Amino acid sequence: MARHGGGRGWYGKLVGAALGVTVLAVGASVWTAQAGPVSGSPKATASAAPGGDAKPVDVSIVHASDAGARGVNITIDDGPDPAWTPEVLDILREYGVKATFCVTGIQAQAHPDLVKEVVAAGHRLCNHTVSHDTTMDKKSEAYQSKEILDAERMIIKASGGVRSMYYRAPGGAFTPYSRELAASKGMRPLGWNVDTKDFEQPGADAIVATVQREISNGPTVLFHDAGGDRAQTVEALRRVLPWLKEQGYTFGFPVR
């Protein structure tokens, strides 16, 4: 099973520093959001998911777009991050694009205002586990459960009552158990078709070229808004979004 490599060490440092806080706060084929808020949470949008009990969804890993054959799903992983998430949100707003933000429990807990901003802008949330452990598929079911369910409690709290509509395993480390657990809680397992490898900081030109070369592989494109300097990602998005529109693509969300 393929793994993302560079740009991941920062999570190990975060987990060590934040694990105690996390425990107190919450209690105990790979490549291949949100409304119903509770009282005091952001206003519901058309892209929102019920805030009550989640209904089970399909356990298969989704890639298709609800925007149809020429639809593209922009997905943003690992945040939110106070330096880069606002810039990403500004670009998405500028081009009228809605995206799916795969957030970690640690980052959601640290930056709840940004989670609420993501929701208020009409984007969807995706559960990306508590600590972004890319070896989750080699761990026990109890560990997988804790990473997913604790993250969801943290995300719901940070968002003001909004649930994740998807689950993306860190580095694609899905297991049959994790997919079934997520799906039973209303989170469709989410894959990707185009890995921009922006976490390796290859340069904005390379990121753009990857999207242009590989978008024919499928609609779901993977970017990151945390885990390091994301200036290249921001610049690439600024160029990729209008290019996709020029090619006749529209933007949607992964189907559920």
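Which residues have the most contacts inside the largest nonpolar core? They are Ile74, Phe101, Leu241 and Leu244, in a core of 37 residues. A nonpolar core is a set of buried Ala, Val, Leu, Ile, Met, Phe, Trp, Tyr and Cys residues joined through side-chain atoms within 4.5 Å; buried means under 20% relative accessible area, with a 1.4 Å probe and protein chains only. Elements giving two or more residues to this core include strand 1 (71–77), strand 2 (100–103), helix 5 (141–159) and helix 8 (231–246). Helix 8 gives the most, with 7 residues. Helices (H or I, at least four residues) and strands (E, at least two) are DSSP runs, numbered from the N terminus. Apart from this core lies another, of 10 residues, among them Met136, Ala169, Leu181 and Met187.

The model is predicted: local features need pLDDT of at least 70, side-chain atom pairs count only at pLDDT 80 or more, and totals for chains, interfaces and linings use all residues. Residues are numbered from 1 along each chain as its sequence is written, and side-chain values use heavy atoms, with hydrogens and water left out.

A search of the whole structure finds 0 disulfides, a disulfide being a pair of cysteine sulfur atoms within 2.5 Å. Cys126 has its sulfur 3.0 Å from the closest cysteine sulfur, in Cys102, which is too far for a bond. Cys102 is buried, at 0% relative accessibility, and Cys126 is buried with a relative accessible area of 0%.

The mean pLDDT (the predictor's confidence in each residue, from 0 to 100) of the chain is 86. Over residues 5–48 the pLDDT is below 50. Where pLDDT is low, the predicted coordinates should not be read in detail.

Terms used. Buried means under 20% relative accessible area, exposed over 50%, partly exposed in between (1.4 Å probe, protein chains only). Contact means heavy atoms within 4.5 Å.
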